[in-house]
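Me: Please take a close look at one part of this model for me: the second chain, and how it meets its partner. Then walk me through a few individual residues.

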Amino acid sequence: MHIPDGYLSPSTCAVLYGTAIPIWYMAFARVKRLLNTRLVPLLAVVSAFCFVIMMFNVPLPGGTTGHAVGVGAATVVLGPWASMLSVSIALLIQAVFFGDGGITTLGANCFNMAIVGSIVAQVVYRAIARRTAVTSPRRALAAGLAGYAAINVAALFAACELGIQPLLFKDASGTPLYAPYALHIAIPAMMLGHLTFAGLAELFVSGGVVAYLQRANPVLLGQKSSVATEPTVRPPAASSGWRTTRPLWIRLALLMLLTPLGILAAGTAWGEWGTRDFADPQMRQQITAASGDIAPPAREPQGLARLSALWSAPFPQYAPPFVRRPAFGYVMSAVFGSGLILGCFLLIAWMAGERPDSRTSP
Amino acid sequence: MTSERKNSRGVVERSLASFVAALEHAFHARELAEQRGLLQSVDPRIKIVAILPLIVIAALARRLWVIAVLFLVAIVIAMLSQVPLATLTKRVWLGVFAFTGFISLPALFLVPGQTIYTLPLPGWTVSTQGLRAATYLIMRAETAATFSVLLVLCTPWSSLLKALRVLRLPVVLVVILGMTYRYIFLLLRNAQDMFTSRKSRMVGRLDGPEQRRAATACAGVLMSKTLQLSGDVYMAMRSRGFQGEVYLLDEFRTGWLDWIVLTACMTIAALAFWFGR
């Protein structure tokens, strides 16, 4: 899964570096806030551990062996933010010093394995381990499955990055300039190896390390702050109650009430045309005027016609069919949409264990 | 029976071989970095600024001959830097060719295009576009890997890390990278000792689950030792007055050779960019 140089176009690499850099920054800020002066030695030594663990040969069923990344074990013991940084540093040293993975593709490799891997491992571990005792076998199972899921989702991301190359980057003769396999080949080829061998290696290492620590050193699993003697700083979200968030809720309600202002806007949003708009003469005039006097095609594009049938919105044009007044429809859509987003975040927070009573246990 | 014996012998020994290979690689790189060659004489900051564009241009170029010229430039730099071509062949070219060649082989048949050859027995057709796609992939991977290996082999790791400041890497990250590199060898030695002691106590063959338990227990012990070590290192740093601030001694100085090398590499990169569009 370590993508070498030359497999991804520089623009893909730049996008993935651009995505990874703010996440690294955020992770660094969070870990520094938690660890303070312990940051430097802890990250250095744990990164070295991640590097060494990548060199372990793990025996797998069927008589073969595989290598693990260690992202599952690192996430369970250190938490996702420190894990992201440690695995990224290990990958950097692997790429620069040992040539395993490219320099231009380092952002992509770190994004896939360190960032996506740590997030997936954390979510899966929290979802399965829940609030079981530190020494519960369920935790070892959760860690194993977290590692397995993390490495497979990371592989899926890598496969997608490789699979879009021939779609986007070809020369005049149609020759793919970078990874030559499209998504329908890249995804099965990548996932086959990871769902079987590489995923199992990660499963055994993550589950095995946690099972070992349960027996030998359970304190490492019981307290995330066992690696930090300084008192941990509660994140702002932890102290959020009605009093602190009241201004935000009031602003959100005001914005919901103001949503019908959109009705006052004339014309159509550029690029948000439907299939019917191409046949409507009035809409065609608006599209032409909005596109620098370039007339749209006589018929709707085939891809648009095909894909527009895939999903029908429950509230088309922000106006549910049972509501007669458009302004009320807008407000209702805003309430529904905001509620949906809040619900999603509450679900993610619940899965990640962000509850006041579970904050001290992983 | 044979495969069972091979497997039971392999797990501990393969891990040991990986550790030894890493230590050997580091030792060899240090030896090369101390030789008197072109790249060894250049300021590490200039080296990074000069070599990185060549790697990026090798990835950007849309013409095979441009990538081939860049590859030749890498060979010339290697020869001027006293890096034996046999070392590059063994450590880079063969490995990259085997890996990327294996990956790109199906592209010969899977990429649609003008047919240039049909395999007699299965009737698979090789397309011009497939052949070019595979060549692109191999050439890019070989060229980029050669440049990056040259950069690393011809620069002591500590200097290379300090030079990364030229890319605006935060000081604290450079310090962490330096410490990581140092502790990799300590942990590698620890892991090697664990596997060696395990091997010395083995009189029979372990079955699969038993081997897995041994490997994961070693990983668990290493994790415990790592966290213990981080605490010890922290206490050692605190006792020497560490308060969270890190500093680097920047002793680099540029000379006329640095600017000549930088100008030459930049010119090659610009020409490769122009002709490779």
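Reply: Buried here means under 20% relative accessible area, exposed means over 50%, and partly exposed falls in between. Keep in mind that this is a predicted model. By that cut-off, 48% of the 362 residues in chain A are buried. For chain B, 48% of its 277 residues count as buried.

Start with the fold of chain B. The chain has ten helices and two strands. Along the sequence, the order is α-α-α-α-α-β-β-α-α-α-α-α. The radius of gyration is 24 Å, well over the 19 Å that the globule rule gives for 277 residues, so chain B is more spread out than a compact globule. Its C-alpha atoms fill a box of roughly 60 × 60 × 30 Å along the principal axes.

Next, the contacts inside chain B. Take the contacts between residues at least 6 apart in sequence: 76% of them join residues at least 24 apart. The accessible surface of the chain is about 14,500 Å². Carbon and sulfur atoms account for 63% of that surface. As for charge, chain B carries 30 positive and 15 negative charges.

Ala61(B) gives a local view of the chain. This residue sits in the loop between helix H2 (44-60) and H3 of chain B. Its relative accessibility is 3%, so Ala61(B) counts as buried. What does Ala61(B) touch, not counting residues up to four places away in sequence? The list is Val66(B), Ile67(B), Tyr136(B), Arg140(B) and Gly276(B). Tyr136(B) is 75 residues from Ala61(B) along the chain, yet their C-alpha atoms are separated by 9.5 Å.

Most residues other than glycine have a negative phi. Phi of Gln82(B) is near 60 degrees, a positive value in a residue other than glycine. With a relative accessible area of 44%, Gln82(B) is partly exposed.

Now the partner. Chain A has 13 helices and two strands. Its accessible surface is about 17,600 Å², and 68% of that belongs to carbon and sulfur atoms. Among its contacts between residues at least 6 apart in sequence, 68% join residues at least 24 apart.

How do the two chains meet? On the chain B side, 77 residues are in contact with 65 residues of chain A. Together the chains bury about 6,100 Å² between them. Carbon and sulfur atoms make up 78% of that buried area.

Leaving aside its neighbours within four places in sequence, Val96(A) is in contact with Val152(B), Trp157(B) and Leu160(B). At 18% relative accessibility, Val96(A) counts as buried. The cut-off for that class is under 20%. Within chain A, Ile119(A) is 23 residues away from Val96(A) along the chain, and their C-alpha atoms are separated by 25 Å.

Two further residues of chain A are worth a look. The loop between helix H5 (106-129) and helix H6 (137-163) of chain A holds Arg130(A). Phi of Arg130(A) is near 45 degrees, a positive value in a residue other than glycine. Its relative accessibility is 40%, so Arg130(A) counts as partly exposed.

Is His184(A) buried or exposed? Exposed: its relative accessibility is 62%, and the cut-off for that class is over 50%. Ala159(A) lies 25 residues from His184(A) along the chain, and the C-alpha atoms of the pair are separated by 9.7 Å.

Definitions and conventions. Residues numbered from 1 in each chain as written. Chains lettered and ligands numbered in written order. Predicted model: local features only at pLDDT ≥ 70, side-chain atom pairs only at ≥ 80, totals over all residues. Heavy atoms only, no water. Helix = DSSP H or I, 4+ residues; strand = E, 2+ residues; numbered from the N terminus. Rg over C-alpha atoms; globule rule 2.2 N^0.38 Å. Buried < 20%, exposed > 50% of the residue type's maximum accessible area, 1.4 Å probe, protein only. Contact = heavy atoms within 4.5 Å. Areas by Shrake-Rupley, 256 points an atom, 1.4 Å probe, with all protein chains shown as cover. Lys, Arg positive; Asp, Glu negative; His and termini not counted. Charge placed at Lys NZ, Arg CZ, Asp CG, Glu CD. Buried area = accessible area lost by both parts, 1.4 Å probe.
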